[in-house]
Amino acid sequence: MKRIAVALATLLTLAASPAFATMKVVTSLQDFSSIAEAVGGPRVEVFALAKGYQDPHFVEPKPSFILKLSKADLLIVAGLELEIGYLPPLIDQSRNEKIRPGGPGYLDASAGCDILERPTGTVTRAMGDVHPFGNPHYWLDPDNGRVIARAIAARLTQLDPPGASSYAANLAAFEAKLTEGQKRWDAALGPYAGAEVVTYHNSWPNFLKHFKLVAAGYVEPKPGVPPSPAHVVELINLMIEKKIPVILIEPYFDQKTPKSVAEKTGATLLTFIPSVGGVPEAKDYISLFDYDVKLLAGALAAKKGTRP
Amino acid sequence: MRLRTFLFFAAGGLACALGVQAQDAPAPTPTPSPTPEPVATPVPTPAPVATPAPAPEPTPAPEPAAAPAVNPTFFNPAIAVIGNFLASVGHNPVQPSPAFQVEESEVSFQAIVDPYARADLFLSFSNEGVEVEEAYATFLTLPWQLQAKGGKFKMQFGKINTMHLHTLPWVDEPLPMQDILLQPQGESWAGEGVSVSKLIELPGDTFSEAYFQVIDGSSGGGLFIAPTKGDLTYDGQYRIFRDFGDDHNVEVGFSYVYGHNGTSPTNTTSLQNAHFVYRWKPLQGKPYRSFILRSEYFWSQREQPDGRQDAQGFFVGGDYQLGRRWYTGARYEFSDRATNASLRDKGVAATFTFMPSEFSMLRAEYRYREYAPGIRANEGFLQIQFAIGAHGAHPF
């Protein structure tokens, strides 16, 4: 009896503890950790430096992140200088050679993605917080999500060859889910192709392009610059003239000005979630789009119904 | 057995070389279309995953698209300039400052040297001339979680001393920097030597780091003076950092320094410091609100021909973020003078800061100081600071 119990316990322990060392994956954004988790399955352990509800441009380089980075096997970043304000010194202090740019454990997720708004002329800071390598909010296009997932699978396979078949299988499953999702999202937003919206920060070019929507204007006069009264007046006039139905705002900006703009123009102010984890419902990359698409389609439908 | 393994890898390698997208074989997935087509992407039949062993290499990640055209300045260091303009009103006979002054222009050059090291050079241009503020190489790839630095660097002593002037929450530095560390206004204590630091993980995701620094025996403009070349100055620091949830974190640290002060061939100075930093920055719910409390305690024991001077210094400062670009803060400070501990200076200050962008700052400070023996100074400052170029992020 006792022997059986011991054998059973051993078996249970064996079943519970995976027979492989988990890969420690640190990502700058929760979106990447969600994809890495989908692709890596139980073979990876993910940690995101920036939370989905926080402004990814301004992350504090906390020493606790150094600890995470020092033990990481893989670091996945958005690149395009999105992390320039906090990540380089953390990598330096991590004393982890693998995750330095160019190292085997450093993955720039922008590689191969459709990057929009690469400045062509001279770039100066008079233009606000411009990103000289293009708009870094590219993960908000599900096609780019697919590219990112493949890149992550390829890199995980490289770093952990015994997991190859598992990564390939997880990738296929993720891509299938994504394809299913894209059908849903296209169907929901399809009727509104060409609709114009106003957004707070220029975080959505990839999302809007994918769903054939157009950003008619921004609440920020220039990226990273808070709205001035003159700009607000201009924006209100533009929105009334073009009958723009919605304003999209990221959860980490002050709602005061956009709220008053929405009141004056009759538009709906939507708190749009730019990253996984921005709201509890957006718990992974697929449900992030489910959430945003449902929110936007709902608002656009309501406006269409009420408009004469 | 070995041959089979070899053949297996050879076959895999060959497959890769030929560009066979092995991962696509079991489940034909749609190719990513960078320009989204209206056509719905074909549903990949998620084939039952019985991937056979041979060559399970997925498609290699595509080339980074980000790299701009090759340009001849590619390996040049990142260069940045930080200008610091200071205007002052009020009378201060002890620490006078001009009505208008370009206090310091910091020029930095920062680059990766090779796969093993990076180098940082900070030059300070002021009316007194050019000074090498810091110039050091950091060796990043040492074993046992070590990191080493060689050159001239700000000493790891307390918290404020490690920070650059333009990252301080005030226009000036608190009294112990002048009275205990004997630094001129606007400067911190730097030394030339080597520094080794080690990362030590404590339970509960707690970060800690230990520093050991050995520098030339004469540094800090009179703080340490070595009677002989072999009389070096030693500095040790241990700091612990811990997050409390998303929104709060605390750092505490202890520093100890020992060296010769040159008042006689054997006289030494020991310095101790305890620092405490508390930060509150809610990640959600309250955009543009934050609070930082900084405090340091200094203790100096300086042997002099007239006996040992035991001097203590202290400051505490709080800074609250009022809005996206607005901050306000207050500071209390006192310090005995290291060379004559019977003289104690005291002061209070209040600041108001506006940051039009990450790259510029306007700050007003009101300061009241009472210098021993009873000399009072009421002053107002206005600071304009700007940063141009590719200034690297600062350590936390």
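Predicted model: local features only at pLDDT ≥ 70, side-chain atom pairs only at ≥ 80, totals over all residues.
Let's start with chain A. Four of its strands make an open sheet, lined up in the order 6-5-7-8, and their pairing is parallel. Strand 6 (214–218) and strand 8 (268–271) of chain A sit at the edges, so to speak: each of them pairs on one side only. Going from one strand to the next, the twist averages 35°. Helix 8 (residues 229–242) of chain A packs on this sheet, where it touches strand 5 (196–199) and strand 6 of chain A. The direction of helix 8 makes about 150° with that of strand 6 of chain A.

Chain B has strand pairs too, and there the sense is antiparallel for strand 1 with strand 2 and for strand 2 with strand 3. Strands 2 and 3 of chain B form a hairpin, with two residues between them.

| Strand pair | Sense | Bridges | One facing pair |
|---|---|---|---|
| Strand 7 (residues 246–249) and strand 8, chain A | parallel | four bridges | A:Leu248 and A:Leu270 |
| Strand 2 and strand 3 (residues 117–126), chain B | antiparallel | nine bridges | B:Glu106 and B:Ser124 |

Now for a single residue. A:Phe253 is found in the loop between strand 7 and helix 9 (256–265) of chain A. Is A:Phe253 buried or exposed? A:Phe253 counts as buried because 20 other C-beta atoms lie within 10 Å, and 20 or more is what that label takes. Setting aside neighbours within four places in sequence, A:Phe253 is in contact with A:Tyr200, A:His201 and, over in chain B, B:Pro287. As for A:His231, 22 residues away along the chain, its C-alpha atom and that of A:Phe253 are separated by 17 Å.

Finally, the cores. The largest nonpolar core has 100 residues, and A:Val39, A:Ile76, A:Ile148, A:Ile152 and A:Ile247 have the most contacts inside it. Helix 6 (residues 164–189) of chain A gives the most to this core, with ten residues. Domain 1 (2–181) and domain 2 (184–306) of chain A each supply at least three residues. Take A:Val39: beyond its neighbours within four places in sequence, its contacts include A:Ile152, A:Leu156, A:Tyr167 and A:Phe174. There is also a second, separate core of 22 residues, with B:Leu182, B:Val257, B:Leu271 and B:Phe315 among them.

Key:
Residues numbered from 1 in each chain as written. Chains lettered and ligands numbered in written order. Pairing = 2+ DSSP bridges. Axes fitted to C-alpha atoms, helices over the stretch in contact; angles between N-to-C directions. Contact = placed C-beta atoms within 7 Å. Buried ≥ 20, exposed ≤ 12 C-beta atoms within 10 Å, placed from the backbone. Core = buried A, V, L, I, M, F, W, Y, C linked by C-beta atoms within 7 Å. Domains from an automatic or database assignment.
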